[in-house]
Amino acid sequence: MSGRATALKAAVAVGALLAVVWASALPGQGSLQIAADAASAAKWDDANAALVPPSPAVRSAVNLRDDGVLHELRGDHSGAIASWRAAHLLRPRDPDLIHDLTLVRGKLEKGVPDPVAPPRAWMEVLSPIEVGLAALGAWIVASVLAWRAHRGTTDARVAVAAALIATGIAAPAVDGLWLLQSTTVGVVRREVSVREVPDPHAAEHHTLPEGAEVRVLSTSGDFLLIEDGRGRRGWAVAASLALPPP
Amino acid sequence: MVALRVPLAALVRLAVLLGALCVATPALAAKVVIELDTDSLFVGQSTGLDVVVRGGDPISEPQMQVPAGLTAEFSGQQQSTTIVNGSMSRYVKFRYEITARQEGTYTLGPAKIDLGGGQPLVESNVVTVTIGAAPPRSSGANKALQVEDRFNTTTAWQGQVVTLYTAFHTRRSLQGARWYGMPESHLLAPRDGNPTQNQYKIQDADGPQLTQEEWTPWIVTDSGSLRWDPPSLEVAVVVEDPNAGGLLGSFFQRTERDVVTGTPLSLDVRPLPPPPADFSGLVGDFELKQAIDSNRARVGSSVDWVTFLSGDGSVEGFKLPPAADIEGARVYEGGASPSAQVKNGNYVATVRVARTLVPTRVGSVVIPDARVVVFSPTKGEYVTLTAPGATLDVKKGEAGAVNVQSFAPDGSAASPDASAEDDKVRPMWTSGPAWRLPLERGLPAAIGVAALPALALGALAIGRRARARLAELTASEPREATPRERLDALPSEPVARLTALDDALRLALAQRVGVTIDALDRDAALAQLDDATAATVRDVLSALDRTRFAGAPAPSDLEARVRAAVAALGAA
């Protein structure tokens, strides 16, 4: 079997996998139209309900973006930014998302600190899922080449090189996929006091204005441990933050 | 030929242009400045004058017309080259001694510098020097050390910046000088702008006179008739010692302390009248300007919008009011950069406020006038400074046509092809996957599963390789034949055959007692065997020895006896 045939088979395998992933999301398409129609009639509850995914599926970038638009249409800039940030992690290069985020952040009061950067710099341009799928494909190719090397039809060095490349992709992919699950960006709804301990009577460390984006690190009762774009950490009342929808 | 002539002509023109630019650039870059140590002299006194050339390399001394009431004598030249951040700067200083010959006010300069290469001469600024009629006669200690102290004004407004001038003139040799008792009450040092110092020497008939002067800016914080005690200067005067001399003499010269007190200081300070609501808090005579870096821009590009405020008051803490919303553009506030210095005895402060405009639609964008309300000490009233706005002509953005620089707080690049609709959030999406599988949870495991065959086959290959290597290593070492194998492969030649029989028997004996054939001690080995076997082996060995070394004929059954002995040793 030639190398070209092997590559073709690997490509078909990866394509089939992507098709499965894509097909799994198709049933939700109609709900987007329902949500848009409900939003145009100002039926916000109906629009929100249409966007709730069935278990075990979760919200896609499209869903999160539309959820952000619903917030923005109701004048909730913080809620919109929270949803769009979550969508941005899944679709970092999407021009509509970038445009909307820029536009709404521009409407905020002056002095809002810079948003927190993505957990890894490469997430500015690549989604962890994209990198994860690339790693999956790379390992499939590496496995096929290893099998062929085992059979003696491919040079073992090619298989080793493929395995090294796959490892190089898989390491950041696994890291990024884990961070995607553990990273939550919250947006301050109204000026909030950030305290040194999760206690409403604790000393105030600093305040954050409306629209400030923070990374949520952990929770304790009604408080969230947050970190802002300047690296300042502290506890804030959870109700004062807009979080992306579950 | 015609086809060649045009580019050649163009090349020649380009070369001429480049050559002219190369020649002209140093002249354009060079700057010549006349710096005078002091602009006030008496007839007979001399002082220093420098002609400083920055950014050029003069080929000769400066040409300078000296008025009749003065004489100028060249006294030396200094030059230095410094490289800062990869940028080289050259500095040449021509030093002159100027002597006052006649009373009057004279203008010196401009000095003209020839940078060579046929370039036009570069001209400097001009300076004015005033020559007084009466030469000072120094006599006694007071004349040998004089101090001066005064504010640059006698009346001021509360919040105004004034400068305090302090100086001393001496003809004595000093080892140190220190002012104390300087005014501090009712005054506040501005955050921007350090005191400025100057030092120079004047030469006259009584010898050299050193002058050291300093201008210190102060903000007047109180009103009323303010009075301060006179400041004093404490100096360490070198005592002339006729016995001191030589190299070490200067290290151990004696000094004596001397204190000279200046004059009391005063200021009449008026309080500010009730301020208007939009008073900026600035007191001083200011000028307000604003500018944009281009009157034309494209949608999505950035335009620098800079506002300058400069004057003789403190700009500490000054902030422009937030920019009003501008139709058709987003405004991003930048920082304020204040700076100040004391120049020619007066405080000069500047603050630069930078903002960035990002046009969001095609058409004209009107940038409003800037207005700042300050209190003017010279007018004695609040004045509104106005800097006219501008109109920005915005064209449609083109991808790649402009260098788009985003000032968006989230760092996202603005779309270069943004249009008027960019002021609105884009509509909801109605196509695409509304939900998805939580791949982030399952993908790591899937990657592991996909990697498993490669890793397993890799491990298998490594194991196989290791086994093969081991076998290869084992095969490379020659295995010693067993006694039986030796007996089965006896050579046909008689002597070699006897040797082989002997070796086989001795090897069997050595293996029997657990030693190598080389380390075999025959008697010791035989002693370890049972008597019957030992007797059999000893008998056969003797027969072999007799045959091999004593010339006895080989017994006909020798080979059979050897085989029997080897078998006996193996069985035992």
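Predicted model: local features only at pLDDT ≥ 70, side-chain atom pairs only at ≥ 80, totals over all residues.
Residues are numbered from 1 along each chain as its sequence is written, chains are lettered from A in the order in which they are written, and side-chain values use heavy atoms, leaving out hydrogens and water.

Let's start with helix α8 of chain A, residues 156-182. Helices here are DSSP runs of H or I with at least four residues, numbered from the N terminus. From first C-alpha to last, α8 reaches 39 Å, close to the 39 Å expected at 1.5 Å a residue; that expected span is 1.5 Å times one less than the number of residues. Its buried residues (under 20% relative accessible area, 1.4 Å probe, protein chains only) include A:Ala159, A:Ala162, A:Ala166 and A:Leu180.

Now, how many residues of chain B are in contact with chain A? There are 41, touching 66 residues of chain A, with contact meaning heavy atoms within 4.5 Å. About 4700 Å² is buried between the two chains, and carbon and sulfur atoms give 70% of that. Buried area is the accessible area (1.4 Å probe) that two parts lose on being put together, summed over both. B:Met428, B:Trp429 and B:Trp435 supply 21% of what chain B buries against chain A.

Finally, the count between these chains is one salt bridge, a side-chain nitrogen of Lys or Arg within 4 Å of a carboxyl oxygen of Asp or Glu. A:Asp96 and B:Arg426 meet in a salt bridge at 2.7 Å, N to O.

Definitions and conventions. Helix = DSSP H or I, 4+ residues; strand = E, 2+ residues; numbered from the N terminus. Buried < 20%, exposed > 50% of the residue type's maximum accessible area, 1.4 Å probe, protein only.
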